[in-house]
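Trainee: Pick one part of this model and walk me through it up close. I'd like the cut-offs along the way.

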Amino acid sequence: MSPGPALSARPRPLRTRLVLSTVVLVAVVCAVIGTVTAIVLRSYLYGQLDGQLAEVVRRAAAPRPPDLRRGGPLSFVQGGGQPIGTVGALTGADGRVTDSAVSTSPRIWRGDGEPLREPLTAAQSDALARLPRDGRPHDVGLPGRGDYRARSVTAPDGATYLVGIPTASVQETLDTLIVVEVCVTAAGLVAAGIAAAATVRIALGPLRRVAATATRVSELPLHEGEVALHERVPEAEADPRTEVGQVGAALNRMLGHVSSALTVRQESETRVRQFVADASHELRTPLASIRGYAELTRRTGAGGSGGADGGGEPVGPRTRHALGRIESEARRMTGLVEDLLLLARLDTGRPQAFADLDLSPLVVDAVSDARAAGPGHAWRMDLPAEPVAVRGDAARLHQVLVNLLANARTHTPAGTTVTARVRGASREGWAAVSVEDDGPGIPAELLPHVFERFARGDASRSRAAGGSGLGLAIVRAVVAAHGGVVGVESAAGRTVFTVRLPVRHRRVAPPGLNAVAAEEIPLARPFP
């Protein structure tokens, strides 16, 4: 089904619409002026033509002397004062033309002194004979001679004459006027278009600057982090006495409110982050004490005999199980606290220990650890033959790989194949590390939120162990601290997490890979 006119038509920019409106307005004005001028000139010229025709009619109706030897009854046609090509005809009682003549120039006479006549043809005489006999001017077309302005007149002797003068000169004048008007109008439209474009461009300059300010604000990352919103519309474009100034002033007021809200939000986030960092730091000591005392109690109770030897009191199986659970949950809570503390440090932008490194050894070590933790999965690697140099914190990037592999191991069933790939520099200067699995996939409604803190997908991805929901949030924070980006693509049977990092243009030394790990883990292609 084809889209409707409202969807298919593209709106034109305001500048284009204003220029087109100006050009159309000038065209309408020129058309009106040209039409009125042509009508007035035609009326004026035809008035002059009718005056000349009236003079010819007066001579035709003038009394003639009895001696008509020279010229005859149509001698007035050859008289002076009328245009060349003036026609005269004498009609009979039946209204048909009985005699006709056409004026010539110069005046040509026959040898006997009679003027040389050029009579009308039969077709021309018939056309002239159809002229109404009301004594008023009419337009008549004579075949082969063009258009004429003609009248009928009755002489004192009762003879009826038909008199006409050509309108060619009037028509030529009107045609010339129309051509001149068209040329002048075309030139005027071009000039008006250029002038309107320049004028509109100057007039819309303040509006473009207001739009540029709004565009710069829209490109700022206002959704997170500390934002210094200093963008404002210049005072020259914020004058409330003009329409554009009203828009600029309103935008400045709005930006002021947004800046205040962002400042309040940033202060609140700073307080929350500081609280999380302080709380996480303070929780590490009691958690370590809980784990230590639980382990000490369990070991003392298991090895002591009680009584006089000074050993510990015996501990029953249920107590040992409870102590084991205390240790397990203490370790889990310690991991959560460590993750929160790491995120708090990353949020505050603490500097990392950056150095030049190769991604391939990090992938080998991380996959080796994941294989040991998840022997039920099939682990694969796809590594390039050449080192992929980046600048980063090796410990943090290793944690990124560990989190991605742990995410794949935790949320997919046993037997799932997990492949870690490394790709060298792309045209845009990015190196890529991806972790792909052929598990059940991530639900579409959860996919936009997987990198948020405490986001989970338990409903559709099976889990063998509990998680804090901070692993992927740490991945995004660490990658962002390295100037990179992380993304995910997921469908049933394929989920890919891809980390892109800026590459180093100088090479690093060939890596010393873990040869044992490399031999134990199958490769998607030969390992260098």
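Mentor: The largest cavity has a volume of about 70 Å³, where a cavity is a set of points on a 1 Å grid over the protein atoms alone that a 1.4 Å probe fits but cannot leave, and the volume is the space filled by probe spheres set on those points, joined across faces, edges and corners. Keep in mind that this is a predicted model, so local features need pLDDT of at least 70 and side-chain atom pairs pLDDT 80 or more, while totals for chains, interfaces and linings use all residues. Residues are numbered from 1 along each chain as its sequence is written, and side-chain values use heavy atoms, with hydrogens and water left out.

With a threshold of 30 Å³ or more, the count is 1 cavity. Its lining, meaning residues with an atom within 4 Å of a point, consists of Leu359, Leu362, Leu397, Val400, Leu401, Val433, Val499 and Leu501. By class that makes 8 nonpolar, no polar and no charged residues; nonpolar covers Ala, Val, Leu, Ile, Met, Phe, Trp, Tyr, Cys and Pro. Helix α9 (394-410) gives the largest share, 3 residues, and α8 (359-373) and β12 (494-502) are also among the elements supplying at least two each. Helices (H or I, at least four residues) and strands (E, at least two) are DSSP runs numbered from the N terminus.

Now for a sheet elsewhere in the chain. Five strands make an open, antiparallel sheet in the order β2-β1-β5-β4-β3, pairing being at least two DSSP bridges between two strands. At the edges sit β2 (97-102) and β3 (138-142), each pairing on one side only.

Going along that order, β1 (87-91) is joined to β2 by 5 bridges, and Gly88 has Ala101 in β2 as its bridge partner. Another 5 bridges link β1 with β5, where Leu90 is partnered by Tyr161. From β5 to β4 there are 7 bridges, with Tyr148 opposite Pro166 in β5. The hairpin of β4 and β5 has 5 residues between the strands, and Gly158 takes a positive phi near 90° there.

As for β5 itself, 6 of its 7 residues are buried, so this strand is largely enclosed by the rest of the structure; buried means under 20% relative accessible area with a 1.4 Å probe, protein chains only. Helix α2 (14-61) lies across β3, β4 and β5, with contact meaning heavy atoms within 4.5 Å.

Technical notes. Axes fitted to C-alpha atoms, helices over the stretch in contact; angles between N-to-C directions. 1 Å grid on protein atoms, 1.4 Å probe; cavity = no way out; pocket = protein on both sides within 12 Å on 5 of 7 lines; lining within 4 Å. Buried < 20%, exposed > 50% of the residue type's maximum accessible area, 1.4 Å probe, protein only.
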